[in-house]
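My plan is to look things up a bit at a time and write down what turns up.

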Amino acid sequence: MFLLHVRMTKIYEIRARRVIHKTKIPGADWAVNYYCGCTHGCIYCYLRFLCRWRKQKERWGEFVEVVINAPELVAEESKNKKGTAILCTGGDAYQPIDKKYLLTRKVLQNLNPNLKLSVLTKSDLITRDIDVFKRFKDIELGLTITTLDEDIKRVFEPYSPSSHARLEALEKLKQEGFYTYVFVGPILPYLTDLEEIFEEVSPFVDLFMFEDLNMNPCRKEVFEAIKNNFPELVDKYKNLSKRFWFEKEKEIKHLSKRFNKPIKIYFKHTGSLKFK
């Protein structure tokens, strides 16, 4: 039996002074942030720590702050920027509310096209903006896929688009000639089938990225999900060790050679995650 928790979402429309900030995320120089909060409801999301500084007491997944003047700010702020910009490090750029606000599309229309652009999302809504992506001389487009098993996905990412919809989006983006990647993160121990993901996704991506599961900000939520849906894994999750993640690195490198695909591994537990 798979248990889901239905949540109400509070939307806050705000105006900001800036939306482009320096970032230490590997591979990026700038973060363009116009959504804070996310309605996908992923229980493992490390961003839930942002709730500590909010006056309101909503839990992560129950609110989204929307910077309604972001397109105007981006046009001015990005004029003289150089390097790589990544969209929305405080929430998914293509979460469902973007269908209403269209902020991602408007930001893309105003962002300096000489910046290298990196976009990562869990949503097939990304294909809506294919025409705008073509403004950029250097761009990489990625989708997160933690599992291709829809039952598992519904437990850990209850309100996000199906993994197969994301796979179809990657195929469409690749057909349009974009550089594409899949972000397999976090790997869900004993649940994420890496071989299956390589087999299904390889034809549509240029690069595989991997991240381990960091339970520091979400230990309670993850263990609740495991206990309720995969009770046979409770002890295994309690006993996860560095050795487990070193073995996962070996598995990923083996699959990389087998499928002839380049990889990037960002594992906190093994020291392969490096911030600037």
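**Ground rules**

Before anything else, I need to know how the pieces get their numbers: helices (H or I, at least four residues) and strands (E, at least two) are DSSP runs, numbered from the N terminus. I count residues from 1 along each chain as its sequence is written, and I keep in mind that this is a predicted model, where local features need pLDDT of at least 70, side-chain atom pairs count only at pLDDT 80 or more, and totals for chains, interfaces and linings use all residues. Side-chain values use heavy atoms, with hydrogens and water left out.

**Entry 1**

I went to the loop between strand 9 and helix 7, and that is where Y190 lies. Y190 is not a glycine, yet its phi is positive, about 65°. Y190 comes out partly exposed, at 41%.

P186 is in that loop too, between strand 9 (179–184) and helix 7 (194–201).

Then I jumped to L102, in the loop between helix 2 (98–101) and helix 3 (103–110). L102 has a positive phi of about 55° and is not a glycine. Its relative accessible area is 31%, so I wrote it down as partly exposed.

Which strands make up the open sheet, and in what order? I found three, in the order 1-5-4, with mixed pairing. Strand 1 (10–14) and strand 4 (35–36) stand at the edges with a single partner strand each, so one side of each has no neighbour in the sheet.

For the pairing rule, I noted that two strands pair if DSSP finds at least two bridges between them. Strand 4 and strand 5 (residues 63–67) are joined by two bridges and run antiparallel. Across that pairing, I saw Y35 opposite V66 in strand 5.

I looked at strand 6 (residues 84–87) from both faces, and both are covered. T84 and I86 are buried on one side, and A85 and L87 are buried on the other.

Strand 6 has strand 3 (residues 30–32) as a partner, running parallel and joined by three bridges. In that pairing, A31 stands opposite I86. Strand 7 (residues 116–121) also pairs with strand 6 in the parallel sense, again over three bridges. There I found A85 facing L117 of strand 7.

**Entry 1: cysteines**

I reminded myself that a disulfide is a covalent bond between the sulfur atoms of two cysteines. How many disulfides does a search of the whole structure find? The search gives zero, with a disulfide taken as a pair of cysteine sulfur atoms within 2.5 Å.

C218 is buried, at 0% relative accessible area. C36, by contrast, is partly exposed at 24%.

**Entry 2: salt bridges**

My note on the idea: side chains of opposite charge can pair when their charged atoms come close. Here a salt bridge is a side-chain nitrogen of Lys or Arg within 4 Å of a carboxyl oxygen of Asp or Glu. I searched the whole structure and got 14 salt bridges.

I picked out K79 and E76, whose closest N and O atoms are 3.2 Å apart. E76 is exposed, with a relative accessible area of 52%.

Next I took R105 and D131, which meet at 2.6 Å, N to O. R105 lies in helix 3 and D131 in helix 4 (residues 130–133), so this pair ties together parts 26 residues apart in sequence. D131 is partly exposed, at 45%. Both belong to a network of salt bridges that links D98, R105, R128, D129 and D131.

My last stop was R258 with E199, where the closest N and O atoms are 3.6 Å apart. R258 lies in helix 10 (residues 242–259) and E199 in helix 7, so the pair ties together parts 59 residues apart in sequence. R258 is partly exposed at 46%, and E199 is partly exposed at 39%.

Terms used: Buried < 20%, exposed > 50% of the residue type's maximum accessible area, 1.4 Å probe, protein only.
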